[in-house]
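Please consider the sequence and the structure shown below. The paragraphs that follow lead through them by topic.

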Amino acid sequence: MALDRIGSPFSSPSTAIEWIDYLHGKLGKRLPSIRKYADYYEGRQATMPFSQNLYSTAFGDAFREWSDNFCALVIDAVLERLSVVGFRLTDDPDADADAHDIWMRNNMPVQSSAAHLDAMVHGEAYAIVWAGVDNEPVISCESAEQVVVQYRPGSRTEIEAAAKFYRDDFGREYVSLWTADYTYTSFSDGRQWYEPVQDPNPLGVVPVVPISNRARLTGDPVSDLQSIVPLQDAINKTATDALVASEMAAFPARFVTGLEIVEDGDGRPIEPFRIAIDKVLQAEDPQARFGQFAAADLSNYRVLIDLLTQHLASLARVPYHYMLDSGGQPATGEGAEAAEYGLIAKSRERILHFGRAWVEVMRLAFLVKGDSRADCHTAEVIWADVENRSEAQHMDALIKLKALGVPVEVLWERAGFTPAQIARFPALLAEQENLIHCYPTAVAGASAPTAHDMAERPPQGNASNDSRKRAGDDASRR
């Protein structure tokens, strides 16, 4: 018996309005978590909900928006290493020029970077593919704050319905709903959704692709900041405690003994001195003695903040010298390379998840065009190198690969050239060979001078001396 024919009191949505209401509620449940991580990335988190009253007494609102925020660094350290440079959609080893054209026409170098950022912050981002007015594919990257999907029961990849909710500048809320058969558009007056306008879906699939940060077998994708937030709060709390201590210990507390205490009419002690930097304390009583307490030692706060930062760096797999270096010198050479192993592995893991999504996006784009490459399941994304190496190290490694017989086209790709640049290389090399063949003398004359040529030139120093002598500027006339 088919599962969809089994009777159940818990029926799934069946009409467009039911789907809109269900997906709108699903989006609303996860919005607080999504916005929380966005606030932490932007440094807009509630900095001091756990601070003592003394903090507000000492500073008021002076540091209300302050935070020692490492959350952005945790995300950006990976984001700067993720760059799509091309696609291979067939068995042809060369990059697919049509896919690159679609990618560039939709400004995807910028859109994909924003999608990677949102996916790592929110846990997920989305790409919507549709046909433009010229029937060319249009790709739009969307935030998890506006788009929500529902998978078919028992599937983690097949989407049953998806919706995008958004507001215009006048506060009106709109929705676009996609199913495999139809698309629906509607808007709300704040109380209910109006009857949706229905149109057929010519693609036959839901044209929304989730860009998941770390897809799990169970549960939703998670933000990279999920395990970082508690440590970030601890660092902020410790740093604000240090600020309060520095304020209270700015002037070491002074004391005086052997001085008679004077009280006001209510029996409250009257402060005998107005202490300031330009004031001198004096007393007529010869028994009076002045002194001061030792200033507070703030170094313990730094030790604790350093410890918390080390834990944060370990969880985030970000090199510690990116955040703080107690020795005052940045890591260099092999030490820096070894420190980045975890970050490189993390970047490659993100490439694994994001790459699958971009392949699905490109297959949908060719489905819009009615191209057979929409069924290409062996497609792959060409990414820029995630490792930061010196140019000398990089070129030396490529030369060694060439000695092993690796094709030069592969070496060009590994050198960081884009598919569009590599496509021009054969013509440029052929033109260069033609110039050498047609004008061998000119090319030879432009080459570097030989040792014989350099030996026949008069030394520059002697020539300058002769010129000065002829001008009368020799030592005998000074």
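Helix α10 contributes the most to the lining of the largest pocket, namely seven residues. Helices here are DSSP runs of H or I with at least four residues, strands are runs of E with at least two, and both are numbered from the N terminus. A pocket is defined on a 1 Å grid over the protein atoms alone, as an open set of points with protein on both sides within 12 Å along at least five of seven lines, where a 1.4 Å probe fits; its lining residues have an atom within 4 Å of a point.

The model is a predicted one, in which local features need pLDDT of at least 70 and side-chain atom pairs count only at pLDDT 80 or more, while totals for chains, interfaces and linings use all residues. Residues are numbered from 1 along each chain as its sequence is written, and side-chain values use heavy atoms, with hydrogens and water left out.

The largest pocket holds about 1400 Å³ of space, a volume being the space filled by probe spheres set on grid points that are joined across faces, edges and corners. Its lining consists of 47 residues, and those nearest its centre are Glu124, Tyr151, Arg156, Pro210 and Ser212. Two or more lining residues come from each of α1 (16-42), β2 (124-131), β4 (147-151), β9 (208-212) and α10 (341-369). By type, the lining of the largest pocket has 22 nonpolar, 13 polar and 12 charged residues. In this division Ala, Val, Leu, Ile, Met, Phe, Trp, Tyr, Cys and Pro are nonpolar, Asp, Glu, Lys and Arg are charged, and the others, Gly among them, are polar.

The second largest pocket has a volume of about 770 Å³. Of the 25 residues that line it, Trp383, Ala384, Asp385, Val386 and Arg414 lie nearest its centre. The elements that supply two or more residues to this lining are β1 (84-88), α10, β12 (380-383), α11 and α12 (408-414). The lining of the second largest pocket comprises 13 nonpolar, four polar and eight charged residues.

The chain as a whole may now be considered. It contains 16 helices and 12 strands. Of its 478 residues, 35% count as buried; buried means under 20% relative accessible area, exposed means over 50%, and partly exposed lies in between, with a 1.4 Å probe and protein chains only. The accessible surface of the chain is about 29600 Å², and 53% of this belongs to carbon and sulfur atoms; the areas come from the Shrake-Rupley method with a 1.4 Å probe, and for residues only the protein chains shown count as cover. Where contacts (heavy atoms within 4.5 Å) join residues at least 6 apart in sequence, 64% of them link residues at least 24 apart.

Gly123, which follows α5, has a positive phi near 105°. Helix α11 (residues 391-403), with 13 residues, reaches 19 Å from its first C-alpha to its last, close to the expected 18 Å. Just after α11, Gly405 likewise takes a positive phi, of about 95°.

Positive phi also occurs in residues other than glycine. Asn107, in the loop between α4 (97-105) and α5, has a phi near 55°. Asn107 counts as partly exposed because its relative accessibility is 43%. Asn135 has a phi near 65° and lies in the loop between β2 and β3 (137-143). With a relative accessible area of 54%, Asn135 is exposed.

Which residues does Thr238 touch, not counting residues up to four places away in sequence? They are Tyr301, Leu304, Ile305 and Leu308. Thr238 belongs to helix α6 (residues 229-248) and counts as buried because its relative accessibility is 6%. The C-alpha atoms of Thr238 and Ile305 are 6.7 Å apart, although 67 residues separate the two along the chain.

Gln310 is found in helix α7 (residues 299-316) and, at 39% relative accessibility, is partly exposed. Its C-alpha atom is separated by 8.8 Å from that of Met323, 13 residues away along the chain. Gly342, in helix α10, is partly exposed with a relative accessible area of 27%. Between Gly342 and Pro319, 23 residues apart in sequence, the distance from C-alpha to C-alpha is 7.9 Å.

Definitions and conventions. Expected span 1.5 Å × (residues − 1).
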